[in-house]
Amino acid sequence: MWKFNNSLLQDDIFNSKIKDVIRKTLNEVSKTNMSPHLIWEILKYEIRKFCNKFSKERARIKKEEKLRHEGIVQNFEDNPSTGDNSNK
């Protein structure tokens with residue numbers, strides 16, 4: 001069972017892209033004579049697919065940023081003399 005992550009709605013990029021997904025999907029299915037129930041199921045599927053992809057990409061980026069920051073901290077801990085001494 002899939003549950004929508006409401007925190008995605010705080011992301012302006014997500015909001016813009018999900019609107020595009022909805023418009024595109026509705027535009028494609030409007031050219032057919034599908035039942036409203038089937039259209040709704042297809043729309044839910046496309047939304048779920050996009051949300052999963054977007055969330056995974058966002059998590060990957062956050063993980064990379066965290067690792068990069070941890071590497072910077074580790075570098076300063078290992079080599080404190082290489083820090084910025086311009087204030088001295």
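Q: Why are α1 and α2 called roughly antiparallel to each other in this predicted model?
A: The axes of helix α1 (residues 12-29) and helix α2 (residues 36-78) cross at roughly 150 degrees. Angles over 145 count as roughly antiparallel, and α1 and α2 are therefore roughly antiparallel to each other. Their axes come within 10 Å, and the crossing is right-handed.

Q: Which residues in α1 and α2 meet?
A: From α1 the list includes Ile13, Phe14, Lys17 and Ile18. From α2 it includes Ile39, Ile42, Glu46 and Phe54. The residues of this contact divide into 14 nonpolar, 1 polar and 2 charged.

Q: What makes Lys24 count as exposed?
A: Lys24 has a relative accessible area of 54%. Exposed means over 50%, so Lys24 is exposed. Its place is in helix α1. Lys24 and Leu43 are 19 residues apart in sequence, and their C-alpha atoms are 9.8 Å apart in space.

Q: How do you know that the protein chain is more spread out than a compact globule?
A: The protein chain has 2 helices and 0 strands. Its radius of gyration is 22 Å, whereas the globule rule gives 12 Å for 88 residues. The value is well over that of the rule, so the chain is more spread out than a compact globule. Its C-alpha atoms fill a box of roughly 75 × 25 × 20 Å along the principal axes.

Q: How many of the 88 residues of the protein chain count as buried, as a percentage?
A: Buried means under 20% relative accessible area, and 15% of the 88 residues count as buried.

Notes. Residues numbered from 1 in each chain as written. Predicted model: local features only at pLDDT ≥ 70, side-chain atom pairs only at ≥ 80, totals over all residues. Heavy atoms only, no water. Axes fitted to C-alpha atoms, helices over the stretch in contact; angles between N-to-C directions. Helix = DSSP H or I, 4+ residues; strand = E, 2+ residues; numbered from the N terminus. Parallel < 35°, antiparallel > 145°, perpendicular 65-115°, else oblique. Left-handed = near helix turned anticlockwise from the far one by under 90°. Contact = heavy atoms within 4.5 Å. Nonpolar A, V, L, I, M, F, W, Y, C, P; charged D, E, K, R; others polar. Buried < 20%, exposed > 50% of the residue type's maximum accessible area, 1.4 Å probe, protein only. Rg over C-alpha atoms; globule rule 2.2 N^0.38 Å.
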